[in-house]
Amino acid sequence: MIGNYLNYYESSNLLHGSLMQIMGTRLDALILGAGPTLANKVWEEVKDELVRLNKMLNKFDKESELYRVNNKAIHSPCSVSEELWKILADCEQYYERTYGYFDISLKDYSKVEFDNECHTVYFTDTGIQLDLGGYAKGYALESIRKILVNHSITQALINFGNSSVLALGSHPHGDSWSIGINDPYNPDKIVGNISLRDNTLSTSGNMPSHTGHIFNPFTGQYNADRRIVSVSAPNAIDAEVVSTTLMIADKIKEKEIVSQFTIDQYCIFSL
């Protein structure tokens, strides 16, 4: 059961909804100016979409499509849904645009074979396991953006624990949304602030309780550096991919990778 919190503040025409555990973190949504009926409808659609995507993309859920693919494609070609097919094809493009640094196979994405006619996936190496941890929240934010736009919502903040953020419009008392970047090794310390307005933010990095979770396909090792990377960009998936990639890319490749994307700004914090 996913914990759910919901409150509507009449005086400020603001809805605050939370999911306590979704896609590995907490999500908070602020929806402004919509009125209680529409805001509640939008929140229900957002919540349902997140539950749906988590069910499809969670490799640890034995009932998820990604879990099925990971366990079947090592033996024989595995058919995938149209949506997951597009996601995997998108990840292949990101693999190429990041010079191989963004690799959801956790080994060698070139060993994932795609049959474009049958829409099947086959792993030519038994060590392949697809992991969408550096992609899924960005994809979810873009899906949520569609819901908000479809309902003409122009002022909202969707926040996955400050690690993946979508901002529409501005804070009611400012001209943007200000997101503080916390030092995970010193919880009371803010290492930076990034202002968002009609764009997105992704922050990747390690923390004391969760180290070595970003895989470097060129070394075969998980990155354990005490640093975080924050990237703001118009597209949430781009931001997610670039922040993940810059955690492991060297200085030369860093510039080459960034040049492949439309990025508003990026910050690398050594902790």
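Biologist: Which residues touch the most other members of the largest nonpolar core?
Modeller: Happy to start there, and do keep in mind that this is a predicted model. The largest nonpolar core has 71 residues. Helix H1, residues 36-57, gives the most to this core, with 8 residues. The members that touch the most others are Leu130, Leu132 and Tyr135.

Biologist: Leaving aside neighbours within four places in sequence, which residues is Leu132 in contact with?
Modeller: Leu132 is among the core members that touch the most others. Leaving aside its neighbours within four places in sequence, its contacts are Leu57, Leu66, Leu84, Ile87, Cys91 and Ile104.

Biologist: How many residues are in the second, separate core?
Modeller: Leu32, Leu157, Ala167 and Ile194 are included in this second core. Ala167 also belongs to strand S8, where it points the same way as Val165. The second core has 13 residues.

Biologist: Is Cys91 buried or exposed?
Modeller: Cys91 is one of the residues that Leu132 contacts. Its relative accessibility is 1%, and the limit for buried is under 20%. Therefore Cys91 counts as buried.

Biologist: How many disulfides are there?
Modeller: A disulfide is a covalent bond between the sulfur atoms of two cysteines. For Cys91, the nearest cysteine sulfur is that of Cys78, 16 Å away, and Cys91 is in no disulfide. The count of disulfides comes to 0.

Biologist: And what about Cys267: how does its relative accessible area class it?
Modeller: Buried needs under 20% and exposed needs over 50%. Cys267 has a relative accessible area of 21%, so Cys267 is partly exposed.

Biologist: How many residues of helix H5 are buried?
Modeller: Helix H5 covers residues 236-246 and is mostly covered. Its buried residues include Asp238 and Glu240 as well as Ile237 and Leu246.

Biologist: Which residue has a side-chain oxygen reaching the backbone nitrogen of Ile237?
Modeller: This contact sits at the start of H5. The oxygen comes to within 2.9 Å of that backbone nitrogen, and the residue it belongs to is Asn235.

Biologist: Which backbone oxygen does the side chain of Arg145 reach?
Modeller: Arg145 lies in helix H4, residues 136-150. At 17% relative accessibility, Arg145 counts as buried. Not counting residues up to four places away in sequence, Arg145 touches Leu166, Leu168, Thr200, Pro234, Asn235 and Ala236. At 2.8 Å, its side chain reaches the backbone oxygen of Pro234.

Biologist: Which residue in the turn between S7 and S8 has a positive phi?
Modeller: Strand S7, residues 156-160, pairs with S8 in the antiparallel sense over 5 bridges. Phe160 stands opposite Ser164. The two strands form a hairpin with 3 residues between them, and the residue with a positive phi, of about 50 degrees, is Gly161.

Biologist: Which residue in S11 stands opposite Leu166?
Modeller: S8 is joined to strand S11, residues 199-205, by 4 bridges, and the two run antiparallel. Opposite Leu166 stands Thr200.

Biologist: Is Ser176 buried or exposed?
Modeller: Ser176 is found in the loop between S8 and strand S9. Leaving aside neighbours within four places in sequence, its contacts are Ser170, His171, Ser195, Leu196 and Arg197. With a relative accessible area of 18%, Ser176 is buried.

Biologist: To finish, what is the radius of gyration of the chain?
Modeller: The chain has 6 helices and 15 strands, and 52% of its residues count as buried. With 271 residues, a compact globule would have a radius near 18 Å, which agrees with the value for the chain, 19 Å.

Definitions and conventions
Residues are numbered from 1 along each chain as its sequence is written. This is a predicted model: local features need pLDDT of at least 70, side-chain atom pairs count only at pLDDT 80 or more; totals for chains, interfaces and linings use all residues. Side-chain values use heavy atoms; hydrogens and water are left out. A nonpolar core is a set of buried Ala, Val, Leu, Ile, Met, Phe, Trp, Tyr and Cys residues joined through side-chain atoms within 4.5 Å. Buried means under 20% relative accessible area, exposed over 50%, partly exposed in between (1.4 Å probe, protein chains only). Contact means heavy atoms within 4.5 Å. A polar contact is a pair of N or O atoms within 3.5 Å; within protein, one must be able to donate a hydrogen and the other to accept it, and residues adjacent in sequence count only if both atoms are side-chain atoms. A disulfide is a pair of cysteine sulfur atoms within 2.5 Å. Two strands pair if DSSP finds at least two bridges between them. The radius of gyration is taken over C-alpha atoms; the globule rule is 2.2 Å times the number of residues to the power 0.38.
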